[in-house]
Amino acid sequence: MKKLISFSLVLLLFGADLKAQQFPEQLEFKDIFHEPFIPGTRPSFSNFSPDGKTIYYTWSDSATSDTDLFRVGLSGKNQQKSEDDVVRNYELSPDGNHVLYTKNGDLVLADKNFENERLVVASKGFDYDPVWSADGSRFAFVQNGDVWVSGVEQAFMKQITNRKENRPSYNVRHWAGNKLVISQTDRSDYREVFFPEYADTFVEPGRSNRGIPTQTISIAGVDSGDVEIIFTHKGYLDTDVSSSGNHLAIDYIDPPMKNRTITVYNVNTLEAKNLFEDQTEGWMYNTNMEFAPAIDKLMFQSEKDGWNHIYTINPDGTGFEQHTFGEYDIPWATWIDERTIVMATSEMDPGERQLYKLDIISNLPTKLTTEEGYRRDFELSPDRRYVVYEKTYFNEPFDLYVVDTMIPKRETQLTNSVPDSFYEYNWQEEDYVRITGRDGETRLSMSVLKPAKRNPDGNPVVVFVHGAGSLQNVYKGWSNNYWREYMFHQYLTLQGYYVIEVDYRHSTGYGRKFREDVTNWMGKYETEDIEDGLAFLADNYDKADTSRVGIYGGSYGGFMALYAVGVSPEHFDAAAGLRSVTNWENYYYANPWYTLPRLGTPEDNPENYARSSPITYADSLEQPVILLHGLIDDNVGFQDVVHYIEILIQNGNEDFEMMMYPTERHSFRDEDAWYDEYRRIYEFFEKQLK
């Protein structure tokens, strides 16, 4: 491959030399993948206690994959392992004094501390999905697919629906005054697909049904028992009811995710009014809608102006207002009270997320967090005062934190989950850079790890490509999705490699256009962005030999590795594809919810599928590849790699390797399989790039 020409695109660059740089010299390859895990196990939020003073989370204090339930107070004190019988799924009464939950298939009412249990519904069926009425005197629930209502103080039970045979079960969504909002999800037209399993004595077909559901919303009168359907469409929807109980909002997105409509119904008259519409050439993302807790005002998020921002409107269509503006995203927002919204924003930098609260009357924000870092997975306490979330910074794996919205700039760490031994390694801090692409406009985030020793003849480069497509992985922190890969990359630096990653177009956190540019042709712009990252590396990092480049990734990253080496062999010299999509038509039939918005249907848009699929370029493949795939993968079926390899064989291509894992699905579980997979990738790059 020809060395990339100079490409001066720097907007932000941390020094490219190696002065004062540390490296994890003692890092052993096998330890990256085997338990106990070097960075420990990340704590995962489970639920708040009913009084809102304690959180429960899953974690392993032995840094293994076997997790237990723990609890800690919002002060960060009194962390301890929780009892085994803690109720995690419950419905808190409107006054906050009682909880409803399912126990042994029956419904139980108890005090908020789970004492004084009382069996309130017991049947031969399974009773579930309890929802309190606004005054707390009644609750609705589901039994054998039908909706019932029961009293709390006054003992009674009333059946509300009478589901016809072979029709979908009902679910209770909300109370609306003396009525219920109920739903049904119809999957009867799903396609049957197969992911065979081979490891047992006989082959199991691995039958699965896939498709896009048809959703029905009905209003049911509790007193009358009348059930009236008001909405039936295939696609995706969210619902909410105003605090008065008079208005039902339905946020609907069609199957291709290109059209969105927010409609508000008068619950009593069933009159409907469309409050907001949005259309896009790509697909909708991070839509959110919620009524205020005490007034009839609707908040929603939209990318209508190109970035995800906050809007409010009244149920009658008046008072429409946009509250946030600018070239940044609001990844999360929710009401605190009738005039205040708490939100996360990337306004400081795309790789950073800070928390604010926003007064929607004055539109003045108050900053709640100040330290640099990346925050995610936000949870609001039952009293709407505290926000619990995960936070990371460079080489500091995620831990749980909390902020009190009444006391700005006081962030409390709740967990200390990273083993002390993790910090005994001299982890290299990646360079986080922002560059401009070849069009002079597209701004890209990129990370760079440097080799421990520079070779006078230059050091080869490994490109990592994140999966999912719609994902952000270049930010100021330790990856939650790819923590093994992060350590693998550190190991590669010890072996003399540069390692880079680019958040290519399609990634989230960079606005609508950035994500949607890939619509109808996945792979094209992503490859260009990675090539621009390589050009930046060649121009700004001494001894980065971009004439020796390996590329690898899993799932969408595996697709990208095979696509890039197929269409751009002059830039990429070897590719490792893990659980790779090689034929998007296969993926459409198994996962239309993902593929339809991006490529259309194979029948109507065959050209989109052909030019986006690595299998199209397999017969002219010039560079070596290695393919690794779980045999029982039920996301990207094993047939993808089978089809790809068959083309290589039929074209006489002998420069490829293949390894399958008999008992692994899309996300590997066995540590030995993880190790074997990455050992092969490492040895492949050693062979092809050195």
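Predicted model: local features only at pLDDT ≥ 70, side-chain atom pairs only at ≥ 80, totals over all residues.
Figure 1. A search of the whole structure finds 58 aromatic pairs. One of them joins tyrosine 374 to tyrosine 475. The two rings are stacked, with 3.8 Å from centre to centre and 5 degrees between the planes. Tyrosine 374 belongs to strand β32 (residues 374-380), while tyrosine 475 belongs to the loop between β38 (459-465) and α1 (483-494), so the pair ties together parts that are 101 residues apart in sequence. Tyrosine 475 is buried as well, with a relative accessible area of 2%.

**Figure 2. A tilted pair of rings.** A pair of aromatic rings is described by the distance of the centres and the angle of the planes. For tyrosine 510 and phenylalanine 514, the distance is 4.9 Å and the angle is 40 degrees. Tyrosine 510 is buried at 6% relative accessible area, and phenylalanine 514 is buried at 7%.

**Figure 3. Charged side chains over aromatic rings.** Lysine 391 places its charged end over the ring of tyrosine 401, at 4.8 Å from the ring centre. Arginine 484 has its charged end over the ring of phenylalanine 37, and here the distance to the ring centre is 5.6 Å.

**Figure 4. Helices α1 and α9 where they cross.** Two packed helices are described by the angle between their axes and the distance between the axes. The axes of α1 and helix α9 (residues 671-689) come within 12 Å and cross at roughly 35 degrees. The crossing is right-handed. On the α1 side, the residues in contact are Arg484, Glu485, Phe488, Tyr491 and Leu492. They meet Trp674, Tyr678, Ile681 and Tyr682 of α9.

Figure 5. Five of the six residues of strand β8 (residues 106-111) are buried, so the strand is largely enclosed by the rest of the structure. Strand β7 (residues 98-103) pairs with β8 in the antiparallel sense over six bridges, and tyrosine 101 stands opposite valine 108 in β8. Two residues separate β7 and β8 in a hairpin, and asparagine 104 in the turn has a positive phi of about 55 degrees. Strand β9 (residues 118-121) also pairs with β8 in the antiparallel sense, over three bridges. Here valine 108 stands opposite leucine 119 in β9. The hairpin of β8 and β9 has six residues between the strands, and phenylalanine 114 in the turn has a positive phi of about 65 degrees.

**Figure 6. A sheet of four strands.** The strands of this open sheet follow the order β24-β25-β26-β27, and their pairing is antiparallel. At the edges are β24 (288-291) and β27 (321-322), each of which pairs on one side only. Strand β26 (residues 309-313) pairs with β27 over two bridges, in the antiparallel sense. Threonine 312 stands opposite glutamate 321 in β27.

**Figure 7. The surroundings of leucine 596.** Leucine 596 is located in helix α6 (residues 592-599). With a relative accessible area of 12%, leucine 596 is buried. Leaving aside residues up to four places away in sequence, leucine 596 touches Ile212, Pro255, Pro256, Tyr588 and Thr601. Proline 460 is 136 residues from leucine 596 along the chain, and their C-alpha atoms are separated by 38 Å.

**Figure 8. Backbone exceptions in loops.** Most residues other than glycine have a negative phi, and most peptide bonds are trans. The peptide bond from glutamate 35 to proline 36 is cis, with omega near -5 degrees. Proline 36 is in the loop between β1 (10-12) and β2 (44-48). Lysine 409 is not a glycine, yet it has a positive phi of about 65 degrees. Its place is in the loop between β34 (396-404) and β35 (411-413), where lysine 409 is exposed, with a relative accessible area of 57%. Lysine 543 is not a glycine either, and its phi is positive at about 70 degrees. Lysine 543 lies in the loop between α3 (524-540) and β40 (544-554). At 32% relative accessibility, lysine 543 is partly exposed.

How values were computed
Residues numbered from 1 in each chain as written. Heavy atoms only, no water. Phe/Tyr/Trp six-rings, centres within 6.5 Å; stacked < 30°, edge-to-face > 60°. Buried < 20%, exposed > 50% of the residue type's maximum accessible area, 1.4 Å probe, protein only. Lys NZ or Arg CZ within 6 Å of the ring centre and 35° of its normal. Pairing = 2+ DSSP bridges. Axes fitted to C-alpha atoms, helices over the stretch in contact; angles between N-to-C directions. Left-handed = near helix turned anticlockwise from the far one by under 90°. Contact = heavy atoms within 4.5 Å.
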